[in-house]
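Work through the two exercises below with the sequence and the model at hand. Each task is followed by its solution.

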Amino acid sequence: MQTAAAQAGDISEAGKRLAEKLDSFEVEKHWPAGQHINWETGVPTGVPEKTEGKHTHCSAFVASAAKQLGVYILRPPEHGQKLLANAQSKWLASEGPAQGWLQLKDGFEAQNAANAGKLVIASYHNHHDDKPGHVAIVRPSAKNTETIAEEGPDIVQAGEHNYNVVSTKKGFSGHPAAWRDNEIEYYAHNLD
């Protein structure tokens, strides 16, 4: 059963402040795919990419945003940027609870937590450890329960395309099993 906040799409004052902070990261202008970037700023370094792949930066963006919000999530230098999303997914499940992360039941709880002003991560671990997963931040949104059921909470993400606002379903579309098979996990952390 969804709570009244998800049904009404209520966003608390803390949720409104979180949305403003997420907007200030200007993800659509930084963390461009295909370029080597500074993980903390999303600004390209000018160093050419020499390996195959799309070189997207979902996990670097999540790490940077969490750091700027005063929350720890696995990040460089503890783990390199390569396959960081998979590592963050494993870390959230294993070490995250000791660092204040709480696993949520579903997208409805995720949207409610973001609307309440908590940092919420949507995470997908690829079935193949040598292939990238995906992570994003759930953003506060006035979506109703029907829309959340159809397309998931709204997220902020870096990826093949960077979005300040996109549905979970569209944002994770590069990993069809993630949405189709209900394999996206959500974790929340309180903000001070």
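Ala, Val, Leu, Ile, Met, Phe, Trp, Tyr, Cys and Pro count as nonpolar, Asp, Glu, Lys and Arg as charged, and the others, Gly among them, as polar. The model is predicted: local features need pLDDT of at least 70, side-chain atom pairs count only at pLDDT 80 or more, and totals for chains, interfaces and linings use all residues. Residues are numbered from 1 along each chain as its sequence is written, and side-chain values use heavy atoms, leaving out hydrogens and water.

**Exercise 1.** Determine how the residues lining the second largest pocket divide by class.

Step 1. Seventeen, written 17, is the number of residues in this lining; Asp106, Gly107, Asn182, Ile184 and Tyr186 lie nearest the centre of the pocket.

Step 2. The lining divides into nine nonpolar, four polar and four charged residues.

**Exercise 2.** Describe how helix H3 (residues 58-68) packs with helix H4 (residues 84-94).

Step 3. On the H3 side, Cys58, Ser59, Ala60 and Ala63 are in contact (heavy atoms within 4.5 Å) with Leu84, Ala85 and Gln88 of H4. This contact has five nonpolar, two polar and no charged residues.

Key
1 Å grid on protein atoms, 1.4 Å probe; cavity = no way out; pocket = protein on both sides within 12 Å on 5 of 7 lines; lining within 4 Å. Axes fitted to C-alpha atoms, helices over the stretch in contact; angles between N-to-C directions. Helix = DSSP H or I, 4+ residues; strand = E, 2+ residues; numbered from the N terminus.
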